[in-house]
Amino acid sequence: MTIAHVFGRNLRDRALRADLLAGAEAVEEGLLAAVKSDVPFIAESGRSLLRTGKGWRLRPLLVLLAARFGDPHAPGVAPAAVAAELTHLAALGHDSVCATEAAAHPKPGSGVLATTSVAVLTGDFLFARASQIVADLGPDAVRAQTAAYARMVTGQMLARTGPGEGCDPVAHHVEVAAARTGSLTGASGRLGALASGADARVCDALARYGERLGTALGLTDDVLGAATGPPPTHPAPRRALRDARRRAHHARSALRDLPDCAAKYTLAGLCDTVTVRRAGT
């Protein structure tokens, strides 16, 4: 998916668009370099996950946009974007453990993720690569990435176990969405701001924005992308979508005190986009 598809009319600034395109190309090159290995099987497993997760590339784009509030061309910005995406892909690798259909019907050429052991090890490999990159960005970046990953793993566990007895299912889904999606999108905003040299107030605002945006995105995908569960006439999905819209509105509010610029307007426009997208887009 191209940047134009992600942002649509929200990205009207030509200079920003050109910079994001150049940044996106640098991220793709960095991702390909990160999955290289002297062991062909490991390299192919990593490349397979890169292809699997090629949809939005939302997290690196958030890094690149957050960096516009400091020095967007600082040397750590592109590596931070790569690390954010590698962390996301690591979680996808672990998620694929439960992709029973892929395990039962592996396709020629992409069957390297068909077994749980390969999926888990590939995820671990990518997380290790991401951690190596983040280590060069400083302790604040390390804390942001590792804290996000711990929450993502927790969210995966909560998703597997489901709501407990007497637990509000919508509240449970909100908790899962915040952990699985909101945590890393929040960290992506922080990483981009940190890498660009932005001050602490900006870093905190962009982390709040990313957390709320990602939670809204996770809730929307849970409802609109669900193959099973209550029908859309059911009150629980309607409540979840209302909550997603509310959190997207709060994400926009997190940008309020940031300086006006094309990046701010683009981030604000994303708050509308995430609540209408469909899974797989």
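These legends describe close-up views of a predicted model.

Local features need pLDDT of at least 70, side-chain atom pairs count only at pLDDT 80 or more, and totals for chains, interfaces and linings use all residues. Residues are numbered from 1 along each chain as its sequence is written, and side-chain values use heavy atoms, without hydrogens and water.

**View 1. Helix H4 packs against helix H12.** Helices are DSSP runs (H or I, at least four residues), numbered from the N terminus. The axes of H4 (residues 58-66) and H12 (residues 262-273) come within 10 Å and cross at roughly 150 degrees. Axes are lines fitted to C-alpha atoms over the stretch in contact, and angles run from 0 to 180 degrees between N-to-C directions. H4 is therefore roughly antiparallel to H12 (angles over 145 degrees). Leu-58, Leu-62 and Leu-65 of H4 make contact (heavy atoms within 4.5 Å) with H12 through Ala-263, Thr-266, Leu-267 and Leu-270. By class, six residues are nonpolar, one is polar and none is charged. Ala, Val, Leu, Ile, Met, Phe, Trp, Tyr, Cys and Pro count as nonpolar, Asp, Glu, Lys and Arg as charged, and the others, Gly among them, as polar.

**View 2. Helix H11 meets helix H12.** The axes of H11 (residues 235-254) and H12 come within 9 Å and cross at roughly 175 degrees. This crossing makes H11 roughly antiparallel to H12. Ala-248, Ala-251 and Arg-252 of H11 meet Ala-268, Cys-271 and Asp-272 of H12. The contact has four nonpolar, no polar and two charged residues.

**View 3. Glu-28 and Arg-57 form a salt bridge.** A salt bridge places a side-chain nitrogen of Lys or Arg within 4 Å of a carboxyl oxygen of Asp or Glu. Here the N to O distance is 2.7 Å. The pair links distant parts of the chain: Glu-28 sits in helix H2 and Arg-57 in the loop between H3 and H4, 29 residues apart. Arg-57 is buried at 10% relative accessible area, while Glu-28 is partly exposed at 23%. Buried means under 20%, exposed over 50%, and partly exposed in between (1.4 Å probe, protein chains only). Shared partners join Glu-28, Arg-57 and Glu-85 into one salt-bridge network.

**View 4. Asp-140 pairs with Arg-143 in a salt bridge.** The closest N and O atoms are 2.4 Å apart. Both residues lie in helix H8 (residues 139-161), about one helical turn from each other. Asp-140 is partly exposed at 42%; Arg-143 is exposed at 52%.

Conventions: Helix = DSSP H or I, 4+ residues; strand = E, 2+ residues; numbered from the N terminus. Parallel < 35°, antiparallel > 145°, perpendicular 65-115°, else oblique.
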